Amino acid sequence: MTASIRKRILTGDRPTGKLHLGHYVGTLMNRVKLQHEYETFILIADVQALSTHWDRPEVLRETVREVALDYFAVGIDPAVSTICVQSMIPPIAELSVIYGLFTRMNKLRHNPTLKTEAQSYGYMKGDDLMLGFDKLTYGFFGYPISQAADITFVRANLVPVGEDQVPHIELCRDIVGWFNQLYGRGAQVIPQPEALVGDIPRLSGLDGQSKMGKSLGNAVLISDDDASILESVMRAVTDPQKIRRNDPGHPEVCNVFAYHRVFSPPDEVACIERDCRSGTLGCVEDKRRLARTLQQLVEPFRQRRAVWESRPDDVTDVLMSGTARARAEGEETLQIVRQAMGIDYW
Ligand code: TRP
């Protein structure tokens, strides 16, 4: 296949911290696999991160690089995939302004992901988000529009993401549809992207309470060492009814078992299920086994990360050249867009 007929992927992450195993099973694994099949662009979405961290921009200087290192660690190959930084790509901002012209407020207000996130800025009345105008910022409320610009500035066809992102891809499809209808005279000026969600069910944090998040202290990071993994896993919550080692357990309600199902080999999962139910496998030993499995998983990640950590200039080079390449694509897209709209005055 030649580069010109390969379909394109765009996906990305907000650099608010190091990436964790939730990111790995939700989307990174897919990206590693698909990067050879699709022309892949991976966006470090620092502007989107600033929609909640505008008062702490210094955090991003560090985390942009950490996220890049996490990418290299899991096997995203910068010789194959283009890794780029959002704030250094002006066409994304320009497209956001254009998309914002015809996107209705209600579309944003009813976006389930935004709604969950915006609850602290407003309040819910039934199913409706009532906006707290004193707290909610324009940039935060509009970030799904900016995400549509992220996806379309390279005219992407496929967006591998975690399932929480699906409403954003839906909105992007709507925006592309409106754009093409308004300005395309029947033609698909911008391709309609599709979401690709990993087939592994979403993992809760190790506490079993909430989604995985570094700030919640319930996640295993891609960059964790063996000791931290053991510590995090030993703190995990298991079946609340299994109090003593020999009590029969209920794997179906046990969060640690949910992790085994994702990360342990199938025959081991079957043994664990049997021995937990019969009461021969205690939770402490069960967690030790999970810790070992996760330690083995991240071992190669750590090795690759270490190589890149020792070559900071190469990391900068990858980000700079990826960003330049992506920006050139974006400029081309913007030309197409301006032409379709008839605002290519000279
Ligand atoms: N919103 C995504 C997240 O929080 C990150 C992101 C920004 C993204 N731009 C994107 C994902 C474009 C896919 C495509 O994880």
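Because the model is predicted, local features need pLDDT of at least 70 and side-chain atom pairs count only at pLDDT 80 or more, whereas totals for chains, interfaces and linings use all residues. Residues are numbered from 1 along each chain as its sequence is written, and side-chain values use heavy atoms, with hydrogens and water left out.

Two packed helices are described by the angle between their axes and the distance between the axes. Here helices and strands are DSSP runs numbered from the N terminus (H or I, at least four residues, for helices; E, at least two, for strands). The axes of helix H3 (residues 57–74) and helix H13 (residues 283–309) come within 7 Å and cross at roughly 130°, where axes are lines fitted to C-alpha atoms, for helices over the stretch in contact, and angles run from 0 to 180 degrees between N-to-C directions. That angle makes H3 oblique to H13, since angles under 35 degrees count as roughly parallel, over 145 as roughly antiparallel, 65 to 115 as roughly perpendicular and the rest as oblique. On the H3 side the contact (heavy atoms within 4.5 Å) is made by Glu66, Leu69, Asp70, Phe72, Ala73 and Val74, and on the H13 side by Pro300, Phe301, Arg304, Arg305, Trp308 and Glu309.

Glutamine 147 lies in helix H8 (residues 143–152) and, at 9% relative accessibility, counts as buried; buried means under 20% relative accessible area, exposed over 50% and partly exposed in between, with a 1.4 Å probe and protein chains only. Leaving aside residues up to four places away in sequence, glutamine 147 touches Gln48, Gln165 and His168. Glutamine 241, by contrast, is exposed, with a relative accessible area of 57%, and sits in the loop between helix H10 (226–234) and helix H11 (255–263).

Most residues other than glycine have a negative phi. Arginine 155 has a positive phi of about 55° although it is not a glycine; this arginine is placed in the loop between H8 and strand S6 (158–161) and is buried, with a relative accessible area of 17%.

A search of the whole structure finds 0 disulfides, a disulfide being a pair of cysteine sulfur atoms within 2.5 Å. For cysteine 84, the nearest cysteine sulfur is that of cysteine 172, 15 Å away. Cysteine 84 is buried, with a relative accessible area of 0%, and cysteine 172 is likewise buried, with a relative accessible area of 0%.
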